[in-house]
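Notebook open, model loaded. I'm jotting down what I looked up, one spot at a time.

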Amino acid sequence: MKNMVSAQWLHARLEQANLVIFDAGMLRPSAAGEYSPVAMLPKAQRFDIKKELADPSNPLPNTLCSADQFTQVMQKAGVNHDSLVVIYEDAGLFSAARAWWMFKAMGFNNVKVLSGGLAKWLELELPVESSYTQASLKGDFIAQYQPGYFIDKKQVLSATKDTNTVILDARAYERFTGKNKEPRAGMRSGHIINSYSLPLTSLLENGEAKSLDFIQAQFNKLVGNAKQLQFSCGSGVTACALALFADECGYNNLSVYDGSWSEWGADSSLPIAVGD
């Protein structure tokens with residue numbers, strides 16, 4: 001896959017001068033406490049989606065920060081325009097793709113996701129550290145926000161009436177249908193009207209992507225001849241993994257609904273559906 005690299009591939013490049021590694025792992029909505037991985041990859045720095053790289057003025061969780069904020073954090077991390085960035089997480093593939101998509105949205109394209117994450121790295125008994133690395137030099141990367149990577153509820157509402165756009169939901173099927181209640185309080189159950197269920201978990205096996213042929217077949221069933229794809233989930237995190245896979249499959253015009261169900265499910269003015 002062009003967007004994902006193996007643990008062996010990364011291990012062979014650990015001494016590469018322009019390599020920057022980020023741990024973008026995060027707690028699940030139902031978890032409590034602070035994110036605390038059992039170990040860190042060599043050279044790894046923290047990529048904090050929930051706090052340091054979220055919009056502090058937005059009450060919704062995990063929403064995209066400004067280009068200026070992204071620039072400041074990445075420069076502090078030593079990211080240069082010619083850096084090779086590799087992102088991983090503890091859980092295989094849950095939030096690493098969110099960081100990958102954020103980089104793309106900020107105009108940085110030489111970014112990869114580590115297949116299998118920390119779990120695969122540990123399984124292969126590759127070297128780890130007990131703490132994060134601090135960059136010694138300030139980077140020169142300047143974010144240039146690319147409109148369209150992230151969209152708002154107005155754009156999604158418009159898409160529900162557009163036959164050329166398909167909206168795909170990465171949440172578990174039971175949440176999509178409304179059979180299971182949402183983990184966040186005060187949230188309606190169900191899904192965005194005229195959207196389709198494509199649970200991220202159905203595309204993974206032991207935290208790694210299933211074959212590209214299998215993933216392509218799942219997209220083909222739902223996308224048809226649509227010209228644009230929009231992705232939603234609980235809070236805009238796992239939707240980015242669907243965007244990653246869609247990109248792998250060659251689809252264009254991809255957008256992630258940043259507010260996702262955290263916004264849509266809480267706004268009674270927005271239409272929802274239950275069941276299939």
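Predicted model: local features only at pLDDT ≥ 70, side-chain atom pairs only at ≥ 80, totals over all residues.

I started with Leu14, which is buried at a relative accessible area of 9%; I take buried as under 20% relative accessible area, exposed as over 50% and partly exposed as in between, with a 1.4 Å probe and protein chains only. Residues are numbered from 1 along each chain as its sequence is written, and side-chain values use heavy atoms, with hydrogens and water left out.

**Leu14, continued.** I find Leu14 in the loop between helix 1 (7-11) and strand 2 (19-23). Helices (H or I, at least four residues) and strands (E, at least two) are DSSP runs, numbered from the N terminus. What does Leu14 touch, not counting residues up to four places away in sequence? I get Leu19, Ile21, Pro42, Lys43 and Trp121, with contact meaning heavy atoms within 4.5 Å. I also checked Lys43 by C-alpha: it is 29 residues from Leu14 in sequence and 7.9 Å from it in space.

**Val86.** Next I went to strand 4 (residues 84-88), where Val86 sits. Is Val86 buried or exposed? It is buried, with a relative accessible area of 1%. Skipping neighbours within four places in sequence, I see Val86 in contact with Val5, Trp9, Leu10, Leu19, Val20, Ile21, Phe22, Lys112 and Leu114.

**Helix 2.** Which residues of helix 2 (residues 67-76) are buried? My list reads Gln69, Phe70, Thr71, Val73, Met74 and Gln75. Their cover includes strand 2 and helix 3 (96-105). Just after helix 2, I noted Gly78 with a positive phi of about 80°.

**Gln230.** I then moved to strand 12 (residues 228-232), which holds Gln230. Gln230 counts as buried, at 8% relative accessibility. Leaving out neighbours within four places in sequence, its contacts are Ile151, Gln155, Val156, Ala159, Thr165, Val166, Ile167, Leu168 and Ser255.

**Cysteines.** How many disulfides are there? I count zero, taking a disulfide as a pair of cysteine sulfur atoms within 2.5 Å. For Cys240 the closest cysteine sulfur is in Cys233, 6.9 Å away, so it is too far for a bond. Cys240 is buried at 0% relative accessible area. For Cys249 the closest is the sulfur of Cys240, and 16 Å is too far for a bond. Cys249 counts as buried too, at 12% relative accessibility.

**Whole chain.** I zoomed out last. The secondary structure comes to nine helices and 14 strands. The radius of gyration is 18 Å, close to the 19 Å from the globule rule for 276 residues, so the chain is as compact as a globular protein of that length; the radius is taken over C-alpha atoms and the rule is 2.2 Å times the number of residues to the power 0.38. Along the principal axes, the C-alpha atoms fill a box of roughly 50 × 40 × 35 Å. I have 53% of the 276 residues down as buried. Of the contacts between residues at least 6 apart in sequence, 77% join residues at least 24 apart.
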